[in-house]
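Today I looked up charged side-chain pairs. My entries follow the structure below.

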4 protein chains.
Amino acid sequence: MQIGLIGLGKMGGNMAERLRRDGHEVIGYDRNPSSPRDVDSLEALVEKLEPPRLVWVMVPSGEPTRATVADLNGVLSGGDVVIDGGNSRYTDDQVHGAMLHEKGIRYIDAGVSGGVWGLTEGYALMVGGTEEAVKIAQPIFDSLKPAGEGGFVHAGAVGAGHFTKMVHNGIEYGMMQAYGEGYELLKAVDLVQNADAVMASWQQGTVIRSWLLDLLVLALKDDPGLEDIRGYAQDSGEGRWTIEAAIQNAVPLPVITAALFARFASRQTESPAMKVVAALRNQFGGHAVGKEGTSGTIPVS
Amino acid sequence: MQIGLIGLGKMGGNMAERLRRDGHEVIGYDRNPSSPRDVDSLEALVEKLEPPRLVWVMVPSGEPTRATVADLNGVLSGGDVVIDGGNSRYTDDQVHGAMLHEKGIRYIDAGVSGGVWGLTEGYALMVGGTEEAVKIAQPIFDSLKPAGEGGFVHAGAVGAGHFTKMVHNGIEYGMMQAYGEGYELLKAVDLVQNADAVMASWQQGTVIRSWLLDLLVLALKDDPGLEDIRGYAQDSGEGRWTIEAAIQNAVPLPVITAALFARFASRQTESPAMKVVAALRNQFGGHAVGKEGTSGTIPVS
Amino acid sequence: MQIGLIGLGKMGGNMAERLRRDGHEVIGYDRNPSSPRDVDSLEALVEKLEPPRLVWVMVPSGEPTRATVADLNGVLSGGDVVIDGGNSRYTDDQVHGAMLHEKGIRYIDAGVSGGVWGLTEGYALMVGGTEEAVKIAQPIFDSLKPAGEGGFVHAGAVGAGHFTKMVHNGIEYGMMQAYGEGYELLKAVDLVQNADAVMASWQQGTVIRSWLLDLLVLALKDDPGLEDIRGYAQDSGEGRWTIEAAIQNAVPLPVITAALFARFASRQTESPAMKVVAALRNQFGGHAVGKEGTSGTIPVS
Amino acid sequence: MQIGLIGLGKMGGNMAERLRRDGHEVIGYDRNPSSPRDVDSLEALVEKLEPPRLVWVMVPSGEPTRATVADLNGVLSGGDVVIDGGNSRYTDDQVHGAMLHEKGIRYIDAGVSGGVWGLTEGYALMVGGTEEAVKIAQPIFDSLKPAGEGGFVHAGAVGAGHFTKMVHNGIEYGMMQAYGEGYELLKAVDLVQNADAVMASWQQGTVIRSWLLDLLVLALKDDPGLEDIRGYAQDSGEGRWTIEAAIQNAVPLPVITAALFARFASRQTESPAMKVVAALRNQFGGHAVGKEGTSGTIPVS
């Protein structure tokens, strides 16, 4: 079927490619003139699409997506369908859905997982919206998703798609940190000769085999012992939103939160909290104090 | 090759079966007369095996394994090989290895993963011991492990096998808890209509796809919403030992520890710690106090 | 000096009393006719106060406070000062401050600590607002705060008072949980005969002596072993907001967050996350499975 | 009364001083000849004391204490009393108590808190041993402890004193970290002008006032903003043992453990766990990847 695709970066470009391979007509637009765009304005995009139009937005979350959806609200008509395939917060979706709804434009939020492998393996999709809207876009979802039974879920009303993808990423934080902690403990003891070899062996037959473990083994093959990488990790929003959603719902998430905080801490050169701890240790005792007797000093507390 | 196998429970029985299917001669012993044992005493087992004998111990960790290894020390001879395939703590291995070494008996600790699927899919093996000892037992390991490249690692000296398996289980704790937390958050919001369907969809194309996720989806198919299961989880030693090893090595394991503590807490009917918190809240303020003004009450703190 | 006080519940009533004892003229208003109010409407309150008027709002945070501030915006004049002494979120203060500012009304947010002891011991105050506004209200702050050097801080611009009080409460969560965990561990071992006696002994000479510990000892005297209290703790907003502020600023707060999550968990009758863990344990192994050999069963993983 | 004191370092020296001020005859011994010792050998110490002898051991925990107790076992007689006032692990006490018991020597373990302030303010004491042994030593405990009701507890049998002190220190870890986290959050926002002033104000009237807070304010007066201190904290054993005891008793200690792990992490220059997280982020997506469209790049996951 025909679809407009806004945002021809890495993800958008690959998705356009996968859709075209499956026979869809993709009309691409990007505000960057040097991108491989098919039209040079939103208006031109709208003109090329036959109603009811299907437009997939694939631009960074936050302000860029909000601006794009607002612009689409200006140029689309009742019955058209807008799909936000970016990483928007589900609360943004609820605003967008309500805004478009006033003009009769349908809105779907689509959480997309799969990274650079998506082009060939397919993208896992988690979508939110009405049954009716999802039905219209289903041929597109079917082409994007991996072959097989899984890889697609209509999770609920508008916002449910990105909420689900957000939780997916929260779980991802916890899993990555779990592997990291295990690797660190293996490396910490002389008893284990080669932590990298252990990780590789775990790819088969174990309870903890996973796609993430496969990726980690790839990374270890490229860079044994991860000597060339810094122990410094960014976070991209979904982890934070997951904790915030949990707090609003009084759901305890100790593991996912610990994983997020480990990332925060990894980016600190110095922790004011630990300065307090160190200062207190100095205050109440001889923790920084020398040895008056050769019997040694009792750390006082 | 010929091997003696002590302990014909679920795991031991399946392993014997897998070894026999691959052409090995397994002589099984269990102290239980009603088990499908081939011999009725350790002495008889030893007599049936040709030196250098290979004996696989597959009994519960702790006292049963310690007693069995001590008994084997009495009946085996220099050059024989004992493999502890149970869930012993690596510190026990170091004691066992040293004890047997005095009589020239070789010792290997083998961490085994794979559960009830191991019989058909193979068991992931993590072993510790000398090169020489591992070489002798390699045909057995090759038959037990899954087909393919992974699934086996000689992790280091005696103790390294169970240490590695212990860390594997620690990671497993973290992963299981991560999935659990994500599931709980999905269930907590009305926005997501069917958390079970979400988990099933995640089996393909996502970053968090894994064998554990596949198992979870199986469990959800059997028992939608996990209505019939209690939120109560045991722990079997390796998780605790992982934290203890981390503490001894000053390695922070926030995620794995949070997962262990969540299990502890799940087994409490009432938490004395939370009684303290509740009692303090009562003490310093009107947290349990009624409303004098219809303007309501300010919770004091 | 003259001050209007809106909200004559437990906290408001005590504060009015403390102010009157120190010679201030307090005109109290509460929407509840049966309260000991001096006027029966906001309009009447405003009429009784000489400009520039000082009005202290002491009603529950959230909607009640927002409504009261909006009402005051309608009846007060440029130069008047509104002080929100409740538990508002600092982000509400920023909205209120900007709204009142348009009419030239000054706004101060005052975090108040001290609970039921405040009447006699004084209230710790953390305030946010302009120097000018704080200077006007200083005589009131001086009467409310405890005698001595501490107990009052002008923390910054509008919002800083409640932000500071919020962090205070976050720390309080961590401290309460720390005492709770220690008490629980003492109770868990036979070795320690009387955990209550231990807590009482800690009130003097130790590093961990504190006002909270004094309160806990009072609670233990009333209810030895805390037999009559349930291990179930509410949370009142500030703890959640603290974590949210931390996440927005990428500050790791492992201890305060663990304390909040312990409260969440204490209120659950059953944890869906732990159902997942339990279901997975059943799936991958004989964790719920009987004993085929009297050698026992190896828990599989 | 007469007492032998072994170990004349900072703590031992101050305690000897406090005991002498209260009229006791203290005979000090330290293996260091340049210490202010009264005798130059254990044998000489024993000779100077009249039976039943009371000997206080105040040397570093672990090997030094174990060696000293073993030596005392050689030179003391039935009916004598040995008090270990150091920071021994309670499991060591149980070994020492049993060993001395064979010769009829009584053993008391005494956890001591109070730091450098103990000399003037008194030491909080938590002791373990038989009623009979504690009764003999009570005059010494009464002189060492602070004036007033608290500051002393006979916590249970041998080991209970150090167990209790260990838990005290665990709580201390949690409290210190709670203050540290609060301070860090205050420092992280522009809204709060002076975090140091906030901490000082909290010393009066708040729920979180404590001796540790007083110490922190002293530290902040010496070094505003803690500019001159590194965010790097050691741990001295009791925190680790607290977690280990909790694990053995299946008691969840999320806050105390988080505090310990924060210290571990503070001492790492680079975290292998975070290298894993960073490597995985690189593997599954464009997290380190540039911008092909000016629409920007969607971080893939």
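Is D:Arg21 buried or exposed? I found D:Arg21 exposed, at 54% relative accessibility; exposed means over 50% relative accessible area, buried under 20%, and partly exposed in between (1.4 Å probe, protein chains only).

I noted that this is a predicted model, in which local features need pLDDT of at least 70 and side-chain atom pairs count only at pLDDT 80 or more, while totals for chains, interfaces and linings use all residues. Residues are numbered from 1 along each chain as its sequence is written, chains are lettered from A and ligands numbered from 1 in the order in which they are written, and side-chain values use heavy atoms, with hydrogens and water left out.

Entry, chain D. I looked up the partner of D:Arg21 and found a salt bridge to D:Glu17 at 3.0 Å, N to O (a side-chain nitrogen of Lys or Arg within 4 Å of a carboxyl oxygen of Asp or Glu). Both residues lie in helix α1 (residues 10-21) of chain D, 4 residues apart, about one turn of the helix. Helices are DSSP runs (H or I, at least four residues), numbered from the N terminus. D:Glu17 is partly exposed at 33%.

Entry, chains A and B. I found A:Glu121 in a salt bridge with B:Arg209, with the closest N and O atoms 3.0 Å apart. A:Glu121 sits in helix α5 (residues 118-121) of chain A and B:Arg209 in the loop between α8 (195-201) and α9 (211-222) of chain B, so the pair joins two chains. A:Glu121 is partly exposed at 36%, whereas B:Arg209 is buried at 15%.

Entry, total. I recorded 44 salt bridges over all chains.
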